[in-house]
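User: I'd like to go through this structure step by step. Can we start with its pockets and then turn to helix packing?

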Amino acid sequence: MEVKKKIFGKKKTEKIYYHREEKRMYLLLIFTILWSIAFSCRWNWWRRNKPGIPILMYHYIGFAPKEAQNKKLWVSAKKFRQQMAYLKKHGVTSVTFKELKNGVLPDKPVIITFDDGRENNYTEAFPILKEYNFKACMFLPTQKCEISIEQLKEMQIYGLEFGSHTKTHPNLLKISESQAKEEIDISRKELEEGLNTRIIVFSYPYGAGAYNEKIKQMVKDAGYSFACGIKQGKVTLPITDNYSLRRLLVHGNDNIFDFMLNLKKGRSRL
Ligand SMILES: [Zn+2]
């Protein structure tokens, strides 16, 4: 009887042990699945590579001041340098909108843009652009531009391109038609006179919802060849709508994996 009992007891312990192991395995599996789902939502590695030209959209380079409203638009100089180094390492060539218009493009083109004309574009971004021999296009709201004419001319001599971002950075849908027309027309004239060059590109303040067909037509009538919004994505060739070019927003908290996914797949997050 004793022997039987012992054997029986051992079997029971083994059963419990296996049961615990099984439970642990299931928990691990569930954890792995949940982690994979979370990872794939944050980093869209599973998207197909998208063809087309990436237009990177930056705003401010440096550390966001405490009172800054849109902190995600601030990319540190360290990250910006890392991103430029990534482009260089992967044989990417920066082009201007003028080159896009002429249609002669290198193998791996990218257009680097900055909105709002903040001084940090000159103090922080420009030295890094020079370091990597990259061109860029800066969109300036002529009456709210922090960069001086001397600074603009210095960057122009180096090869940077400038576009209009209106005069006073309004939401073009929230002002009258005649005011919108003036914002679009006058800013172009001011830039052309100040910089003694043709201005061929415009960017809509507040991007996505802040323009419509009428505004697009006004931009076209003013003589611009292209206009950028903030809709996420790459520009596929041939371009079907010159006045609604998509861009790739670079967030301040993006890491280099986000940057790579953004360039290849047109977005890095859901
Ligand atoms: Zn803006």
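**Pockets and a helix pair**

Analyst: This is a predicted model. The largest pocket is lined by 25 residues. Those nearest its centre are His 59, Tyr 60, Leu 73, Asp 116 and His 169.

User: Which element gives the most to the lining of the second largest pocket?

Analyst: The second largest pocket holds about 320 Å³ of space. It is lined by 14 residues, with Lys 98, Glu 161, Phe 162, Thr 197 and Arg 198 nearest its centre. Helix H3 (97-102) and strand S7 (161-164) each supply at least two lining residues. With four residues, the element that gives the most is H3.

User: Is H6 roughly parallel or oblique to H7?

Analyst: Helix H6 (residues 177-195) packs with helix H7 (residues 213-221), their axes 10 Å apart. The angle between them is about 40°. Angles under 35 degrees would count as roughly parallel. The angle of about 40° therefore makes H6 to H7 oblique.

User: How many charged residues are in the contact of H6 with H7?

Analyst: H6 contributes Glu 177, Ala 180, Lys 181 and Ile 184 to the contact. H7 contributes Lys 214, Ile 215, Met 218 and Val 219. By class, five are nonpolar and no residue is polar. The number of charged residues is three.

Terms used
Residues numbered from 1 in each chain as written. Predicted model: local features only at pLDDT ≥ 70, side-chain atom pairs only at ≥ 80, totals over all residues. Heavy atoms only, no water. 1 Å grid on protein atoms, 1.4 Å probe; cavity = no way out; pocket = protein on both sides within 12 Å on 5 of 7 lines; lining within 4 Å. Points joined across faces, edges and corners; volume = space filled by probe spheres on them. Axes fitted to C-alpha atoms, helices over the stretch in contact; angles between N-to-C directions. Parallel < 35°, antiparallel > 145°, perpendicular 65-115°, else oblique. Contact = heavy atoms within 4.5 Å. Nonpolar A, V, L, I, M, F, W, Y, C, P; charged D, E, K, R; others polar.
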